[in-house]
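This report walks through one protein chain for a reader who is new to structures. Please keep the sequence and the 3D view at hand while reading.

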Amino acid sequence: RYEKWWLTFGIGALIIFLAIVGIQAFHQGHQPPSAKVKVDPERVDQTEPFTKPGLHKVTGKDWDYELVIVASAFMFNPGEIEIPRGSKVKIIATTKDVVHGFEVAGTNINMMLEPGYVSEYITTFKKNGEYLIVCNEYCGTGHHMMSARLKVV
Ligand code: CUA
């Protein structure tokens, strides 16, 4: 009788374990990396903070600047960015149309921008230089042209 009890217990535990793993996988697979903040893709231009794309100094936060980026086929707004070296920057980005990528070449900054969602990433730019921002998600005929320039000064 003991064996039967243990067998039942074992199978029960296994089912619960698999259910937890399954639920976690489902949630991760169906949620974009930073899906906490949503935005209406049709009203990006009228939605804070995307009303003013660019670099903005902020106070009272854990970061010094917010870099607001609006992607659309086939450009980033703004297309030229200048960031003071050593500053901690929160990148806040979204797209007005299809899925775009936001990769700062030569760094580990690499986000997927999905319509309806705000992608965020906090980073510190430690080295002077010019970086190329590229779209690394195929977004249409102008995909390979879609880029911006970031200068750390
Ligand atoms: Cu935008 Cu590829």
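At 34% relative accessibility, Lys96 counts as partly exposed, a class that lies between buried (under 20% relative accessible area) and exposed (over 50%), as found with a 1.4 Å probe and protein chains only. The structure is a predicted model, in which local features need pLDDT of at least 70 and side-chain atom pairs count only at pLDDT 80 or more, while totals for chains, interfaces and linings use all residues. Residues are numbered from 1 along each chain as its sequence is written, and side-chain values use heavy atoms, with hydrogens and water left out.

Lys96 forms a salt bridge with Asp45, and their closest N and O atoms are 3.0 Å apart; the term stands for a side-chain nitrogen of Lys or Arg within 4 Å of a carboxyl oxygen of Asp or Glu. This pair links distant parts of the chain, since Asp45 sits in the loop between helix H1 (2-30) and strand E1 (54-57), whereas Lys96 sits in the loop between strand E5 (88-95) and strand E6 (100-104), 51 residues apart. Helices (H or I, at least four residues) and strands (E, at least two) are DSSP runs, numbered from the N terminus. Asp45 is also partly exposed, with a relative accessible area of 42%.

## The other salt bridges

How many salt bridges does a search of the whole structure find? The search gives 5, and one of them joins the side chains of Glu66 and Lys61, at 3.0 Å from N to O. In this pair Glu66 is buried, with a relative accessible area of 11%, while Lys61 is partly exposed at 44%.

Another salt bridge is formed by Glu120 and Lys90, whose closest N and O atoms are 3.5 Å apart. Glu120 lies in strand E8 (residues 119-124) and Lys90 in strand E5, so this pair ties together parts that are 30 residues apart in sequence. Glu120 is partly exposed at 32% relative accessibility, whereas Lys90 is buried at 12%.

## Domains and a surface patch

The domain assignment gives domain 1 (1-31) and domain 2 (41-152), with bounds that come from an automatic or database domain assignment. The C-alpha centres of domain 1 and domain 2 lie 41 Å apart.

Tyr2 is placed in helix H1 and is exposed, with a relative accessibility of 66%. Together with Trp5, Trp6 and Phe9, Tyr2 forms a nonpolar patch on the surface, and the four residues have about 580 Å² of accessible area together. Patches are made of residues with over 30% relative accessible area and no salt bridge, where like charges are joined within 9 Å and nonpolar side chains (Val, Leu, Ile, Met, Phe, Trp, Tyr) within 5 Å. The accessible areas come from the Shrake-Rupley method with a 1.4 Å probe, and for residues only the protein chains shown count as cover.

Lys151 lies in strand E10 (residues 147-152) and is partly exposed, with a relative accessible area of 33%. Leaving out residues up to four places away in sequence, Lys151 touches Ile81, Glu82, Ile83, Gly129 and Glu130. Lys151 and Val98 are 53 residues apart along the chain, and their C-alpha atoms are separated by 26 Å.

## Cysteines and cis peptide bonds

A disulfide is a covalent bond between the sulfur atoms of two cysteines. The structure holds 0 disulfides, when the term is taken as a pair of cysteine sulfur atoms within 2.5 Å. Cys135 is buried, with a relative accessible area of 7%, and Cys139 is buried as well, at 11%.

The peptide bond from Glu48 to Pro49 is cis, with omega near -5°, and Pro49 lies in the loop between H1 and E1. A cis peptide bond also runs from Asn77 to Pro78, with omega near 0°, and Pro78 is found in the loop between strand E3 (75-77) and strand E4 (80-83).

How values were computed
Contact means heavy atoms within 4.5 Å.
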